[in-house]
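Please consult the sequence and coordinates below before reading on.

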Amino acid sequence: MADQPWGAVDKYLCDLLLEPDPSLDAALEASRASGLPEINVAPNQGKLLSLLVRSVGATSVLEIGTLGGYSTIWMARALPERGRLITLEAVPKHASVAQGNLERAGVAEQVEIRLGAALDSLKQLADEGVGPFDFIFIDADKENTRAYFEWSVKLARAGTLIFVDNLVRNGAIIEGDTTDSQVRAMREWMENVSDDKRVDVTGVQTVGSKGYDGFALAYVIDAG
Ligand code: SAH
Ligand code: DHB
Ligand code: MG
């Protein structure tokens with residue numbers, strides 16, 4: 001990919017349009033130092049998430065897949081002071097690196113990290129009557145995308161936006177005979193959601209510093 005202009009174009013866009021934020025840089029640095037995989041969203045995608053959170057006037061955000069809290073910080077920054085974000089993470093080390101990053105970024109008061117398998121945490125949230133969430137970011141193990149989406153609609157209201165990361169995976173999404181369990185799961189979800197009348201959905205391909213991928217964005221019409 002070295003001969004592609006995507007990385008350089010991302011740098012151009014990010015340098016011009018993104019305010020320097022030392023705590024976001026520090027979050028990536030601490031994540032790297034702790035050996036976390038560098039699979040956080042790109043900075044300009046983080047800003048897209050923050051603009052979407054602002055656009056819907058969200059005061060409650062749910063994230064599935066925290067990692068080091070990089071995307072979490074982007075979204076938390078877009079909340080009003082009374083706004084709250086719950087983020088779900090299965091790996092204790094990821095959660096503890098994220099907690100440090102959230103504290104350094106000054107958003108720890110607004111964010112709750114729930115440690116455990118997201119499917120369990122989602123059921124707990126529903127049992128506790130938490131929600132509805134105004135904005136939901138699905139970015140964990142892709143095998144569970146369909147289940148995460150189902151829970152997300154349950155925890156949503158009419159007008160909630162659900163952002164599903166990593167839709168395209170270098171073009172693999174169109175490989176009907178793929179043996180990649182993540183891509184198969186994403187295809188199954190796509191085929192299921194295409195005639196789901198509760199939501200209105202688009203899919204967008206992206207290129208940039210994180211390579212060739214994409215996302216789906218769902219608008220909840222009827223949370224049921
Ligand atoms: N949203 C982050 C990146 C998340 S990477 C960002 O952009 O900065 C995906 C995360 O999901 C990883 O930290 C991984 O440990 C977590 N994860 C994977 N399977 C999970 C599960 N079943 N339940 C909860 N979290 C899970
Ligand atoms: C990868 C990227 C992601 O955004 C993610 O959530 C998981 C994996 C990757 O590039 O492997
Ligand atoms: Mg992702």
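**Conventions**

This is a predicted model, in which local features need pLDDT of at least 70 and side-chain atom pairs count only at pLDDT 80 or more, whereas totals for chains, interfaces and linings use all residues. Residues are numbered from 1 along each chain as its sequence is written, chains are lettered from A and ligands numbered from 1 in the order in which they are written, and side-chain values use heavy atoms, with hydrogens and water left out.

**Ligand 1**

| Protein atom | Ligand atom | Distance |
|---|---|---|
| V41, backbone N or O | ligand 1, oxygen | 2.9 Å |
| G65, backbone N or O | ligand 1, nitrogen | 2.9 Å |
| E89, polar side-chain atom | ligand 1, oxygen | 2.6 Å |
| D139, polar side-chain atom | ligand 2, oxygen | 2.7 Å |
| K142, polar side-chain atom | ligand 2, oxygen | 3.1 Å |
| R169, side-chain N or O | ligand 2, oxygen | 3.4 Å |

Ligand 2 has 290 Å² of accessible area on its own, and the protein covers 65% of that area. For ligand 1, the area exposed when it is taken alone is 580 Å², with 88% buried by the protein. Accessible areas come from the Shrake-Rupley method with a 1.4 Å probe; for residues, only the protein chains shown count as cover.

The shell of ligand 2 consists of I39, D139, K142, D165, N166 and R169, or one nonpolar, one polar and four charged residues. The magnesium ion (ligand 3) is coordinated by D139 (OD), D165 (OD) and N166 (OD1), at 2.0 to 2.2 Å. Its donors follow the spacing D-x25-D-N along the chain. Donors are N, O and S atoms within 2.8 Å of the metal (3.2 Å for Na, K and Ca); water is not among the atoms, so sites may look incomplete.

Two of these residues are buried: D165 has 5% relative accessibility and N166 has 16%. Buried means under 20% relative accessible area, exposed over 50%, and partly exposed in between (1.4 Å probe, protein chains only).

**Protein elements**

R114 belongs to strand β3 (residues 111-115) and is buried, at a relative accessible area of 14%. Its side chain makes polar contacts with the side chains of E112 at 2.7 Å and E128 at 2.9 Å. Beyond neighbours within four places in sequence, R114 is in contact (heavy atoms within 4.5 Å) with residues including E89, Q124 and E128.

Q124 lies in helix α6 (residues 118-128) and is partly exposed, at 40% relative accessibility. Helices (H or I, at least four residues) and strands (E, at least two) are DSSP runs, numbered from the N terminus.

In helix α4 (residues 70-77), seven of the eight residues are buried, among them S71 and W74.

How values were computed. Polar contact = N/O pair within 3.5 Å; in protein donor to acceptor, adjacent residues only side chain to side chain. Near = heavy atom within 4 Å. Nonpolar A, V, L, I, M, F, W, Y, C, P; charged D, E, K, R; others polar.
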